[in-house]
Amino acid sequence: MSDHPEFHSLRRAQRRFGMRATILSVGGFLLYVVLSSFVPAVMNQPLFGRLTLGLTLGLGQFVVMGVTAWCYARYMRTRVDPLARGLRSRLHETEGRGRTAAPPQGAGQPLQHGTRGFRTW
């Protein structure tokens, strides 16, 4: 199955989104950490009362993670799942064609156990 071209396109689609999501999420978090470490005066700027820019950006990390998770679910549902369903149906078709042949020797018989409890083939 791993040699199938559709499988490669499925994996490519998963990796493509995974890289984008990772760069966005980790990049946003690292930006927040760098700003907090090197520009604390900017992060301490008040916005509304005691709410500062740093606190707002920190809470924004939850929003970024939520949006990333929502985008992941949507992307997988619209782009990756149809590829996976198509690949699965093609594999079932090929397995179905293979089942019309005679069953392998010993099929349907219980497995025999060796002297040490291992299955013998």
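My entries below start with the whole chain and then turn to single residues.

**Entry 1: the whole chain.** I am working from a predicted model. I counted three helices and two strands in the protein chain. Reading from the N terminus, I get the order α-α-β-β-α. Next I looked up burial: 13% of the 121 residues are buried. The chain exposes about 9800 Å², and carbon and sulfur atoms supply 63% of that area. I also checked contacts between residues at least 6 apart in sequence, and 54% of these join residues at least 24 apart.

**Entry 2: helix 1.** Helix 1 covers residues 5–38. Does its length agree or disagree with 1.5 Å a residue? Its 34 residues should span 50 Å, and I find the end C-alpha atoms 48 Å apart, which agrees. I then listed the buried residues in this helix: Phe7, Leu10, Ala13, Phe17, Ala21 and Ser25. A reminder to myself on such spacing: an α-helix has 3.6 residues a turn, so residues three or four places apart point the same way.

**Entry 3: a nonpolar patch.** Which residues make the nonpolar surface patch? I found Val26, Phe29, Leu30 and Val33, with a patch area of about 330 Å². I picked out Val33, which lies in helix 1. Its relative accessible area is 31%, so I call Val33 partly exposed; patch members need over 30%.

Entry 4: I moved on to helix 3, residues 53–99, where Leu87 sits. Is Leu87 buried or exposed? Its relative accessibility is 4%, so Leu87 counts as buried. Setting aside neighbours within four places in sequence, I see Leu87 in contact with His4, Glu6, Phe7 and Leu10. Leu87 and His4 are 83 residues apart in sequence, yet their C-alpha atoms are 8.8 Å apart in space.

Gly86 is also found in helix 3. At 17% relative accessibility, Gly86 is buried because the cut-off is under 20%. I looked up its separation from Glu6, which is 80 residues away along the chain, and got 8.5 Å between C-alpha atoms.

**Entry 5: Thr68.** Thr68 is another residue of helix 3. With 12% relative accessibility, Thr68 counts as buried. What does Thr68 touch, not counting residues up to four places away in sequence? The answer is Phe17, Ala21, Leu24 and Ser25. Of these, I had already noted Phe17, Ala21 and Ser25 as buried in helix 1.

**Entry 6: aromatic rings.** How many aromatic pairs are there? I count two. In the pair of Phe17 and Tyr72, the ring centres are 5.9 Å apart and the planes meet at 45°, so I note the pair as tilted. Phe17 lies in helix 1 and Tyr72 in helix 3, so this pair ties together parts 55 residues apart in sequence. Phe17 is buried at 10% relative accessibility, whereas Tyr72 is partly exposed with a relative accessible area of 45%.

Phe17 also pairs with Tyr75, and here the rings are stacked: 4.8 Å centre to centre, with 20° between the planes. Tyr75 lies in helix 3, so its pair with Phe17 of helix 1 ties together parts 58 residues apart in sequence. Both Phe17 and Tyr75 are buried.

Methods:
Residues are numbered from 1 along each chain as its sequence is written. This is a predicted model: local features need pLDDT of at least 70, side-chain atom pairs count only at pLDDT 80 or more; totals for chains, interfaces and linings use all residues. Side-chain values use heavy atoms; hydrogens and water are left out. Patches are made of residues with over 30% relative accessible area and no salt bridge: like charges are joined within 9 Å, nonpolar side chains (Val, Leu, Ile, Met, Phe, Trp, Tyr) within 5 Å. Accessible areas come from the Shrake-Rupley method with a 1.4 Å probe; for residues, only the protein chains shown count as cover. A salt bridge is a side-chain nitrogen of Lys or Arg within 4 Å of a carboxyl oxygen of Asp or Glu. Helices (H or I, at least four residues) and strands (E, at least two) are DSSP runs, numbered from the N terminus. Buried means under 20% relative accessible area, exposed over 50%, partly exposed in between (1.4 Å probe, protein chains only). Contact means heavy atoms within 4.5 Å. The expected span of a helix is 1.5 Å times one less than its number of residues. Rings of Phe, Tyr and Trp (its six-membered ring) pair if their centres lie within 6.5 Å; planes under 30 degrees apart count as stacked, over 60 as edge-to-face and the rest as tilted.
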